[in-house]
Amino acid sequence: MLPSHLNGHSPLARRRPQLPAASPPAAAAVGDPPAAAAGDAALEAHDRVYFQSYSHIGIHESMIKDRVRTDAYREAIMLHQKFIEGKVVMDVGCGTGILSVFCARAGAKRVYAVDASEIATQASEIVKANNLADKIVVIHGRVEDVDVEEKVDVIISEWMGYMLLYESMLPSVLFARDKWLKPGGLILPSHATLFMAPITNSDRYEGSVDFWCDVYGINMSALVPLAKKFASEEPSIEIVGGENVISWPFVVKHIDCYTFTVEEFKSITTTYKVSSMMLAPIHGFGLWFEVEFNGPAESCSNLSSDSSPLDIIQKKRRRASDSTVVLSTAPEDEPTHWHQTILYFPDPIGVTQDQIIEGSVTITPSEENPRCLNIHLECSTGGQNLVKDFAMR
């Protein structure tokens, strides 16, 4: 069954199953463990379910078949071969080990392929089948728990979830960076940027909400309020095109993987002020991301939340003439298995061309399960105000 936040509107095989939400705590009894210990046990249980989900071959199939994703990593490895050849690499969350194999074939002296799911067993067999057992060491366990007795020159990981931050795998990469990466070492990807913009999607709204007004000639409009609630309760993972985006995007967060800290991940807030490019109803906001694969000595244009549309355009033009590898999940680019993440409103808000749309967005990990996200959105335009909370489970 698809997670509810997919809302049945994703035609392609999905990558990641729904993460478990925490159950309400039971009343404490005499002899029960302290609340902190119980909380730790709950988090461990969530992690077990999370890692078990990655034992399913379908998840790895959808990732590897995403050629935008897989080709970007392979190109980045070859682009930075001089940093990899003869060096020690750590692959955080290696899955089937495909990135580890790419690195070994690029000349890595040794690759530590770390994964906490049972797929590590198959990864070991894949390593042997490709005669790379002398170069790739598969380690079954969480990167926070494993023992690696040497520093590494390179850390590679495909840690990005829906809207970049879902699943909260980035802290594991930062842990590996702080514990094992040598000074001046390489991190792939090196930078990530989360974008957001208002979107219009009348076909989607009519298909999910207005549909109930006339069903085979039967008036089922009594279901419209429920349909609106369902459509806007959780973020929806689906594909939208560039024609659905009605303003220039704004930057929610720019992450430099060389310097970003776990503390910064605990709450991400930005304000925005954009101008509508057309007369259209706003049905919600779309989020997408891009990651860059820069070398350790290379800088990345730091796109802040107040970056102008011109800043974003100029950066894309500079990149087009550079050798930088970029993996983009933007609506105007080739679709990926991440699609886009849409925050739908219960009711659309009409805007005219050049009308100002402003507000704020805050993203925080769920207290019950940090791999899930809570999103608080505020939007004001044309005298209409909307405050909405979304839970991405």
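Helices (H or I, at least four residues) and strands (E, at least two) are DSSP runs, numbered from the N terminus. Of the 11 residues of α7 (residues 170-180), 8 are buried, so this helix is largely enclosed by the rest of the structure. The buried residues are L170, P171, S172, V173, L174, A176, R177 and W180.

The model is predicted, with local features requiring pLDDT of at least 70 and side-chain atom pairs pLDDT 80 or more, while totals for chains, interfaces and linings use all residues. Residues are numbered from 1 along each chain as its sequence is written, and side-chain values use heavy atoms, without hydrogens and water. The protein chain averages a pLDDT (the predictor's confidence in each residue, from 0 to 100) of 87, and 82% of the residues score at least 70. Residues 1-17 have pLDDT below 50, yet this stretch has 58 contacts (heavy atoms within 4.5 Å) beyond near neighbours in sequence.

An open sheet of 5 strands runs in the order β3-β2-β1-β4-β5, with parallel pairing; two strands pair if DSSP finds at least two bridges between them. β3 (136-140) and β5 stand at the edges with a single partner strand each, so one side of each lacks a neighbour in the sheet. Strand β2 (residues 110-115) pairs with β3 over 5 bridges, and D115 has H140 of β3 as its bridge partner.

Technical notes: Buried means under 20% relative accessible area, exposed over 50%, partly exposed in between (1.4 Å probe, protein chains only).
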